[in-house]
Amino acid sequence: MSEFKLLIGGKLVPGAATLNVINPATEDVFATAPRADHAQLDQAVAAAKAAFPAWSATPIRQRGALLAKLADELEARQNDFARLLTEEQGKPLPHAMGEMIGTIAMMRYFATLDMPLKVLKDDATQKVVQHHTSLGVVAAITPWNYPMILLIIKLAPALITGNTVVAKPAPTTPLTTLKFGEICARVLPAGVVNIIVDQNDLGSALTGHPDVAKVSFTGSTVTGKKVMESVAGTLKRLTLELGGNDAAIVLDDVDPKEVAPKLFAAATLNAGQVCLAIKRLYVHDSQYDEMCEELGRLAREAVVDDGMKQGTQMGPLQNKAQFEKVKGFLADARKNGKIVAGGDVLDRKGYFVQPTIVRDIGDDTRLVREEQFGPVLPVLRYSNVDEAIARANDTDYGLGGTVWGKDLDRAYAVAGKIDSGVVWVNKHLDMQPDVPFTGAKQSGMGAELGQAGLEEFTQAKIINMAK
Ligand code: NAD
């Protein structure tokens, strides 16, 4: 797992240049990745375009068998992949293993799906049938928080529906994606999957490329808007999975001691670098002090260390830019709120931040209004539920949210009033392969996972025949 190559047209090739990959727990350069230039990007798109006719004509079950083989090969090396994932991303090794297991499960799920014809009408005078056809070359662009699973939930539905792919990981976490490229090189026909790496400089050339038919993008809302502009010229199909500022509303019938560990985990998983993490917590007056105390205790007890060390609960932030950003949120929290626990970075090498609980902070502060993408949780007091719902919805984001309560009917009713693509009740981040998720408002458009996620990679086509 120490040599890395791009995958272009079925060949593993060096990049036109290289880029250093940093282990966020040590700040040391631990690997060198190949970096593509514009010519290699063009070659990758050309290879995907050339591979498309044969791949899209391959029977779907044959494509599915190849996807299952990719899953088998990933599974055979999942320990190596998990270690590499921890090294490049920072998450604790058991969590990296969890990401690999989820990745493989997603691949296996899509390997079994179909694009059935749907007969809409069939009578004496007409037959109307809906087909779903492949689109062509798909650009799959991923961020650095979950490099493997976010790649596969694009790549697997794209491939099973007969498209070919050019994938581009984030520059700070390219390695597991490149290693996956080696498996693709062995298993798939040349050009069906191509992998290039950039230094945040090839994204718009890829999304604007005239030979790319569809862009599936996961990343920040700011970049998502640029992607949307760049695809307008050719009206490419577009799926955007963007940022979030998810609220959790805790109803007043819960036991704070019982719920606090779940809330804490949902806010600090992957050091808070989860699009669907709890990023604002609304707690009823009557339980506010107790909940802050419980969360503070959990934050103080959490083991923050190198993800490779056994017993680590939370690793570092993934990169220096994010570390600096979160430092800004910590400063905002110290100035405008009361720190219950944490409040600073760790005094050591690596991008480590103390899990931080902040109370008595205003709704108009940066920590409450923006996406912190780090383990710094504002706990906000409310006195009636309608007010909490209105405050939860007072954001341009609309990715997810959670409601916590013993009375399920009441919790379900509150969930119905949150303006977001997904709301969990008494659980969090339950991503099932056959359950689609989608962002509302400025958190995105289109769906991933499930049949809806599959259809994003197809063109619906109606054949309407007179009899
Ligand atoms: P980012 O937008 O900076 O980068 C994402 C990807 O886009 C990277 O591969 C990057 O190289 C590429 N990119 C950069 N400029 C581009 C351009 N002009 N055109 C095309 N691609 C370009 O995001 P990030 O900082 O890597 O990731 C964190 C963000 O991702 C957070 O906002 C998080 O909420 C969001 N996210 C969303 C989901 C979801 O499913 N909704 C999942 C994970 C992360």
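**Overall make-up and contacts**

Analyst: The protein chain has 15 helices and 22 strands, where helices (H or I, at least four residues) and strands (E, at least two) are DSSP runs numbered from the N terminus. This is a predicted model, in which local features need pLDDT of at least 70 and side-chain atom pairs count only at pLDDT 80 or more, while totals for chains, interfaces and linings use all residues. Residues are numbered from 1 along each chain as its sequence is written, and side-chain values use heavy atoms, with hydrogens and water left out.

User: What percentage of the residues count as buried?

Analyst: Of the 467 residues, 57% count as buried. Buried means under 20% relative accessible area, exposed over 50%, and partly exposed in between (1.4 Å probe, protein chains only).

User: Let us move to helix packing. How do α4 and α5 cross?

Analyst: The axes of helix α4 (residues 93-111) and helix α5 (residues 147-160) come within 9 Å and cross at roughly 10 degrees. The axes are lines fitted to C-alpha atoms, for helices over the stretch in contact, with angles from 0 to 180 degrees between N-to-C directions. The two helices are therefore roughly parallel to each other; angles under 35 degrees count as roughly parallel, over 145 as roughly antiparallel, 65 to 115 as roughly perpendicular and the rest as oblique.

User: Which residues make that contact?

Analyst: Among them are Met-100, Met-106 and Phe-110 of α4, together with Ile-149, Ile-152 and Leu-155 of α5; contact means heavy atoms within 4.5 Å. The residues of this contact divide into 14 nonpolar, 2 polar and 1 charged. Here Ala, Val, Leu, Ile, Met, Phe, Trp, Tyr, Cys and Pro count as nonpolar, Asp, Glu, Lys and Arg as charged, and the others, Gly among them, as polar.

User: Now electrostatics. How many salt bridges are there?

Analyst: The count comes to 33 salt bridges, each being a side-chain nitrogen of Lys or Arg within 4 Å of a carboxyl oxygen of Asp or Glu. One of them joins Lys-257 and Glu-290 at 3.3 Å, N to O. Lys-257 lies in helix α9 (residues 256-268) and Glu-290 in helix α10 (residues 285-301), so this pair ties together parts that are 33 residues apart in sequence.

User: And what separates Lys-320 and Glu-324 within helix α11?

Analyst: Lys-320 and Glu-324 are 4 residues apart in helix α11 (residues 320-336), about one helical turn. Their closest N and O atoms are 3.2 Å apart.

User: Which residues are linked in a network of salt bridges?

Analyst: Asp-285, Asp-289, Lys-338, Arg-359, Asp-360 and Arg-381 are linked in such a network.

User: One last topic, backbone geometry. What is the phi of Asn-200?

Analyst: Asn-200 has a positive phi of about 65 degrees although it is not a glycine. Most residues other than glycine have a negative phi. Asn-200 sits in the loop between β9 (193-195) and α7 (203-207) and is exposed, with a relative accessible area of 64%.
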